[in-house]
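Please keep the sequence and the coordinates at hand while reading.

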Amino acid sequence: MKLVGSYTSPYVRKARVVLAEKKIDCEFVIDSPWLEGTGVPDVNPLGKIPVLVLDDDTCLFDSRVIVEYLDGVAPNNKLLPSTARERALVKRWEALADGMTDAAVAIVLEVRRMVSEQNASWISRQRTKIDRALNTLAADLGDGAWCHGNSISLADIAVGSALGYLDFRFPELDWRERHANLAKLQEKLMQRPSLAETVPVE
């Protein structure tokens with residue numbers, strides 16, 4: 001298998017963390033749709049990363065599809081529950097974390113435009129989404145040691161990847177000051193090699 005992606009993408013990081021937690025060997029092919037001459041559209045018609053290229057050249061895309069496949073293909077260290085309701089609750093965490101990441105990425109792309117072309121109300125709307133998502137993540141976590149259940153799950157990996165992206169792109173954001181429980185969770189997650197070794201870098 002090959003995982004196509006970049007070191008900066010939080011969605012790629014989520015897949016890399018799952019690969020590490022599941023102890024699955026996979027070649028990491030560095031590519032980005034923003035690079036000149038990128039090969040990403042050849043493996044994903046949507047031109048997005050990550051892409052998981054299977055041994056028979058089947059291409060899986062969208063990080064949520066990829067991580068669910070990876071959890072199912074290897075029986076060890078299950079990250080998704082088997083029952084429908086519990087599985088949906090973990091996927092809800094993932095959806096919220098990914099949605100917060102979507103808003104953060106939208107801001108990053110907007111501020112790369114010429115100042116005269118930037119939409120301040122659009123940026124403000126995305127920042128509001130991030131604030132609401134953080135509030136909900138913190139409220140749902142409460143005093144829990146993990147996002148769901150008694151051990152690490154895909155919920156924690158998604159949240160850890162999302163919070164890591166905020167640190168990477170918005171270091172001025174004081175989410176730790178406002179959400180001590182999320183800070184504690186992130187500190188614990190960063191003690192795991194799977195997350196510590198995949199911190200986004202330019």
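A residue is called buried under 20% relative accessible area, exposed over 50%, and partly exposed in between, with a 1.4 Å probe and protein chains only. The model is a predicted one, in which local features need pLDDT of at least 70 and side-chain atom pairs count only at pLDDT 80 or more, while totals for chains, interfaces and linings use all residues. Residues are numbered from 1 along each chain as its sequence is written, and side-chain values use heavy atoms, with hydrogens and water left out.

With these limits, Phe 28 counts as partly exposed because its relative accessibility is 26%, and Tyr 7, at 40%, likewise counts as partly exposed. The structure holds two aromatic pairs, where rings of Phe, Tyr and Trp (its six-membered ring) pair if their centres lie within 6.5 Å, and planes under 30 degrees apart count as stacked, over 60 as edge-to-face and the rest as tilted. The rings of Tyr 7 and Phe 28 have centres 5.6 Å apart and planes at 80°, so this pair is edge-to-face. The pair links distant parts of the chain, 21 residues apart, with Tyr 7 in the loop between β1 (2-5) and α1 and Phe 28 in strand β2 (residues 27-30); helices (H or I, at least four residues) and strands (E, at least two) are DSSP runs, numbered from the N terminus.

Open space remains to be described. A pocket is an open set of points on a 1 Å grid over the protein atoms alone, where a 1.4 Å probe fits, with protein on both sides within 12 Å along at least five of seven lines, and its lining residues have an atom within 4 Å of a point. The largest pocket holds about 780 Å³ of space, a volume being the space filled by probe spheres set on points that are joined across faces, edges and corners. Of its 27 lining residues, the closest to the centre are Ser 9, Tyr 11, Lys 48, Ile 49 and Val 105. To this lining α4 gives the most, with five residues.
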